[in-house]
Amino acid sequence: MFVVAFGLGSVVLANPAILRALNWIGAAFLLWLAWKIAIAGRGGAAAFQWINPRSWLVCASAAGAYLHAGPGSALAQGLVLGALFILASLPCCFVWLAFGATAQRFLHSDRARRTFNIAMGALLAASVGLVVR
């Protein structure tokens with residue numbers, strides 16, 4: 001994420017229209033991902049854990065929103081942003097892991113998995129409004 005913030009920050013700062021375009025592209029991607037999650041079979045969304053495009057979108061948006069062209073180097077700003085992402089993500093990841101371990105106990109039937117996938121897809125689709133506001 002540091003590399004994304006360091007490289008995209010200056011481009012986004014120079015042209016706010018790029019950030020807006022990234023937001024809309026990200027929103028479209030999240031809606032597609034929500035659909036794929038909703039219709040996923042057993043373990044269908046597991047491949048997205050290694051290539052987490054949502055992290056790229058969040059990082060690019062954060063770079064545009066929080067990096068500035070004023071005093072201070074882009075390298076220092078990128079390092080601070082990367083460190084903040086790490087600090088924020090660790091507790092969130094542990095909560096998500098605990099949720100997944102608990103949910104797994106209830107997802108033994110195909111019907112339960114399907115209902116869960118639809119609910120998770122719907123929640124992701126609902127969050128798109130936060131990206132494009």
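## F29 and W32 in helix α2

F29 and W32 both sit in helix α2, which covers residues 16-39. They are 3 residues apart, so about one helical turn separates them. This is a predicted model.

The two rings form an aromatic pair. By the rule that ring centres lie within 6.5 Å, the count comes to 3 aromatic pairs. For F29 and W32 the centres are 5.6 Å apart and the planes stand at 40°, so the pair is tilted. Planes under 30 degrees apart would count as stacked, and over 60 as edge-to-face. F29 has a relative accessibility of 23%, so it counts as partly exposed. W32 is also partly exposed, at 41% relative accessibility.

## An aromatic cluster

W96, F99 and F116 belong to one aromatic cluster. In general, a pair of aromatic rings is described by the distance of the centres and the angle of the planes.

How many salt bridges does the structure hold? There is 1. It joins the side chains of R113 and D110, with an N to O distance of 2.4 Å. Both residues lie in helix α5, residues 110-126. They are 3 residues apart, about one turn of the helix.

Are R113 and D110 buried or exposed? R113 has 14% relative accessibility, so it counts as buried. D110 is exposed, with a relative accessible area of 59%.

## Packing of α2 against α5

Helices α2 and α5 pack at an angle of about 170°, and their axes are 7 Å apart. That angle makes α2 roughly antiparallel to α5; the cut-off for this term is over 145 degrees.

Which residues meet here? On the α2 side they are L30, L31, L33, A34, I37, A38 and I39. On the α5 side they are R114, N117, I118, M120, G121, L124 and A125. The residues of this contact divide into 11 nonpolar, 2 polar and 1 charged.

## The chain as a whole

The chain has 6 helices and 0 strands. From the N terminus on, its elements run α-α-α-α-α-α.

Of the 133 residues in the chain, 26% are buried. Among contacts with a separation of 6 or more, 75% come from residues 24 or more positions apart.

Conventions. Residues are numbered from 1 along each chain as its sequence is written. This is a predicted model: local features need pLDDT of at least 70, side-chain atom pairs count only at pLDDT 80 or more; totals for chains, interfaces and linings use all residues. Side-chain values use heavy atoms; hydrogens and water are left out. Rings of Phe, Tyr and Trp (its six-membered ring) pair if their centres lie within 6.5 Å; planes under 30 degrees apart count as stacked, over 60 as edge-to-face and the rest as tilted. Helices (H or I, at least four residues) and strands (E, at least two) are DSSP runs, numbered from the N terminus. Buried means under 20% relative accessible area, exposed over 50%, partly exposed in between (1.4 Å probe, protein chains only). A salt bridge is a side-chain nitrogen of Lys or Arg within 4 Å of a carboxyl oxygen of Asp or Glu. Axes are lines fitted to C-alpha atoms, for helices over the stretch in contact, and angles run from 0 to 180 degrees between N-to-C directions. Angles under 35 degrees count as roughly parallel, over 145 as roughly antiparallel, 65 to 115 as roughly perpendicular and the rest as oblique. Contact means heavy atoms within 4.5 Å. Ala, Val, Leu, Ile, Met, Phe, Trp, Tyr, Cys and Pro count as nonpolar, Asp, Glu, Lys and Arg as charged, and the others, Gly among them, as polar.
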